[in-house]
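Me: I would like to learn how to read a model like this one, feature by feature. Can we start once it is on the screen?

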Amino acid sequence: METTFELGYALDTFYFLICGALVMWMAAGFAMLEAGLVRAKNTTEILTKNIALFAIACTMYMICGYGIMYGGGDWAPFLGGIMADGATGVAEDPATYAPSADFFFQVVFVATAMSIVSGAVAERMKLWAFLAFAVVMTGFIYPMEGAWTWGGASVFGMYTLGDLGFSDFAGSGIVHMAGAAAALAGVLVLGPRKGKYTADGKINAIPGANLPLATLGTFILWMGWFGFNGGSVLATATVESANSVAVVFMNTNAAAAGGCIAALIVARIMFGKADLTMALNGALAGLVAITAEPSTPEPLTATLFGGLGGILVVFSIVTLDKLKIDDPVGAISVHGVVGLLGLLLVPITGGATFMGQIYGALTIFVWVFVTSLVAWLIIKAIIGVRVTEEEEFEGVDVSECGLEAYPDFTGGRS
């Protein structure tokens, strides 16, 4: 019996760690996607943001984020919390895994939420203003809403989302919509890029510099999402859990395919051309849509759910542009608008209620948007959030990093 326990414990822990590594690899996906969709003169800065935010997320979540999220919403520092409960030892529950593996899996989710912000504020935000916000987002804002959802804590002592029928399997709302809410607040404070919108209401397209890189980033994210959703099963050592993992992998892949196909078709109808960027965002939208519940739909249903996400993201990107909300990579649409869709799709096949999903979505969005807006405004008042017009024209690579990504081609400008 002890041998069976030890094997199951070891297998679940190993699986958890591998899935966490896959989610960590999504950081590379975000970096490549964003680097491909910005102009050449802003590439180094976006790459710097992506690696720095990951490091900050890991550190802040270790110092205080994990304790807040799983300590009932209280300020419970990590070093006085999970380490004391055996993060380097053996967990007491025979149905679980090493607590340190849980921390590792959770921390890469925090970094994912923060990565969403990076692309939306690209090409005009000060690097250090962004990193200052990353400290607040990963150390406090995200852990608090995580405490009310996955952490099972009551919301300001008033209600518990789980008791209201809220469910979010792997984070369509808890991770993706939260990141988009923070991004939206930052974009509203920051304003659009120079030349994006004219006084007469015209929208000027600002194409990215490297679509092969953006496509590579999307494939990396698609691959990493198997760890994101598959790891959220939390086990694989039994027949039941192994079957569940296989279903989640299958449905995650199906939804991504459905989203890509749907977005490509809609873009062809709307624009008369096959739009690669819409196809890429469609695949990501399909992944976001299925993330709230990938374990219960049939494969065809998962494909249709992903297709709905792919359709919605095209209309959302076009609508936000008309509203002059400048999001260079479409992050707010992919992760925010479709993240909400993902939550609302759960009751169709999973154990949740529509009202519970609506309460949960409102709680997450209002909390993250309002606190992020306050944080952005404080940062703006102290150090400013936007580079000068001259620096924006020359490219933030030079002004913020002093290093160009493509020196042979840009010459300081593009």
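Me: What is the mean pLDDT of the chain, and what share of its residues reach 70 or more?

Reply: This is a predicted model, and pLDDT is the predictor's confidence in each residue. The mean for the chain is 92, and 93% of its residues reach 70 or more.

Me: Where does pLDDT stay under 50?

Reply: Where pLDDT is low, the predicted coordinates should not be read in detail. Here that applies to residues 83-95, where pLDDT stays under 50. The model has 16 contacts beyond four places in sequence for residues 83-95.

Me: How many disulfides does the structure hold?

Reply: A disulfide needs two cysteine sulfur atoms within 2.5 Å. The structure holds zero disulfides. Take Cys-64: its nearest cysteine sulfur is that of Cys-58, 13 Å away.

Me: Where is His-176 placed, and what is it in contact with beyond its neighbours in sequence?

Reply: Start with the element, then look at the surroundings. His-176 belongs to helix α5, residues 172-190, and is buried at 0% relative accessibility. Beyond four places in sequence, its contacts include Thr-112 and Ile-116, Trp-225 and Phe-228, and also His-335 and Gly-336. Val-288 and Thr-291 are among its contacts too.

Me: How far apart are Gly-224 and Ala-21 in sequence and in space?

Reply: Sequence separation and spatial distance have to be read separately. Gly-224 and Ala-21 are 203 residues apart in sequence, but their C-alpha atoms are 8.4 Å apart. Gly-224 lies in helix α6, residues 211-230, and is buried, with 0% relative accessibility.

Me: How much space lies in the largest pocket, and which residues are closest to its centre?

Reply: Read the volume, then the lining. The largest pocket holds about 630 Å³ of space. It is lined by 25 residues, and those closest to its centre are Lys-196, Thr-277, Ile-317, Asp-321 and Pro-328. Two elements, α8 (276-291) and α9 (299-322), each give two or more residues to the lining. The largest share, four residues, comes from α9.

Me: What is the make-up of that lining by class?

Reply: The lining of the largest pocket has 14 nonpolar, five polar and six charged residues.

Definitions and conventions: Residues are numbered from 1 along each chain as its sequence is written. This is a predicted model: local features need pLDDT of at least 70, side-chain atom pairs count only at pLDDT 80 or more; totals for chains, interfaces and linings use all residues. Side-chain values use heavy atoms; hydrogens and water are left out. On a 1 Å grid over the protein atoms alone, a cavity is a set of points where a 1.4 Å probe fits but cannot get out, and a pocket is an open set with protein on both sides within 12 Å along at least five of seven lines; lining residues have an atom within 4 Å of a point. Grid points are joined across faces, edges and corners, and a volume is the space filled by probe spheres set on the points. Ala, Val, Leu, Ile, Met, Phe, Trp, Tyr, Cys and Pro count as nonpolar, Asp, Glu, Lys and Arg as charged, and the others, Gly among them, as polar. pLDDT is the predictor's confidence in each residue, from 0 to 100. Contact means heavy atoms within 4.5 Å. Buried means under 20% relative accessible area, exposed over 50%, partly exposed in between (1.4 Å probe, protein chains only).
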